[in-house]
Amino acid sequence: MTEGADKRLSDEVLAAQASAGDRRAFGDLIRRHQDGVFRFVFRMVGSRDQAMDLTQDSFLKAWQALPGWRPEARFRTWLLQIARNASLDVLRRRSLADFVPIDEAFELPGPGPTPESQAVMTQELRLLEAALLRLQPDHREVLLLRELEGLSYEEIAAVLDVAEGTVKSRIGRARAALLQAWKERHGGHPND
């Protein structure tokens, strides 16, 4: 495969090549998806070090399980399912669900915001974090997959191994729970 060829090949083609033993194809998949997997895992477990380990473990598990990967499955959703399971295992072992402060992972765009607007934004992010802390892990994960990772309902259903209707109802309940947690702590609507 030539340099840059991974951009033209779909995940599924690369996964099929990797399944046949092509380590370079799997390396291309890692480069393509490592940031998204890390971001998701980090938001689930709340520790950068743990998220780095879990991301690496997820790719190792994916490599080992690749012979069982079905070409009709989207590689990204299959990979996120592996990462999700690893994250939930960590959360179960902890017996509590921590959440990472949003402002630690939030990067402001280039110059522009004033110090005052940055302070307001930081405060709002902290308030949102406090509301998110009150959500159950199953509510948090659907919001992260939908809002942070941008997955479709169908893709989330594949990651969570549930029906698409279940995803829609969980997202609705998660958004309602987040809004309720916000109101209980801070009054009003987050956009007010």
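Reader: How do you know that the length of helix H3 (residues 48–65) agrees with what its 18 residues should span?

Author: In this predicted model, the 18 residues of H3 should span 26 Å at 1.5 Å a residue, and because the end C-alpha atoms of the helix are 25 Å apart, the two values agree.

Reader: Why is the aromatic pair of Trp-69 and Phe-75 called edge-to-face?

Author: The planes of Trp-69 and Phe-75 stand at 75 degrees to each other, with 6.5 Å centre to centre, and because an angle over 60 degrees counts as edge-to-face, the pair receives that name.

Reader: Why is the pair of Phe-75 and Trp-78 called tilted instead?

Author: Here the centres are 5.7 Å apart and the angle between the planes is 45 degrees, and since stacked needs under 30 degrees and edge-to-face over 60, the rest being tilted, this pair is tilted. Phe-75 and Trp-78 both lie in helix H4 (residues 75–94), three residues apart, about one turn of the helix.

Reader: How do you know that Trp-69 is buried?

Author: Its relative accessible area is 7%, and because buried means under 20%, Trp-69 counts as buried; Phe-75, at 0%, is buried as well.

Notes: Residues numbered from 1 in each chain as written. Predicted model: local features only at pLDDT ≥ 70, side-chain atom pairs only at ≥ 80, totals over all residues. Heavy atoms only, no water. Phe/Tyr/Trp six-rings, centres within 6.5 Å; stacked < 30°, edge-to-face > 60°. Buried < 20%, exposed > 50% of the residue type's maximum accessible area, 1.4 Å probe, protein only. Helix = DSSP H or I, 4+ residues; strand = E, 2+ residues; numbered from the N terminus. Expected span 1.5 Å × (residues − 1).
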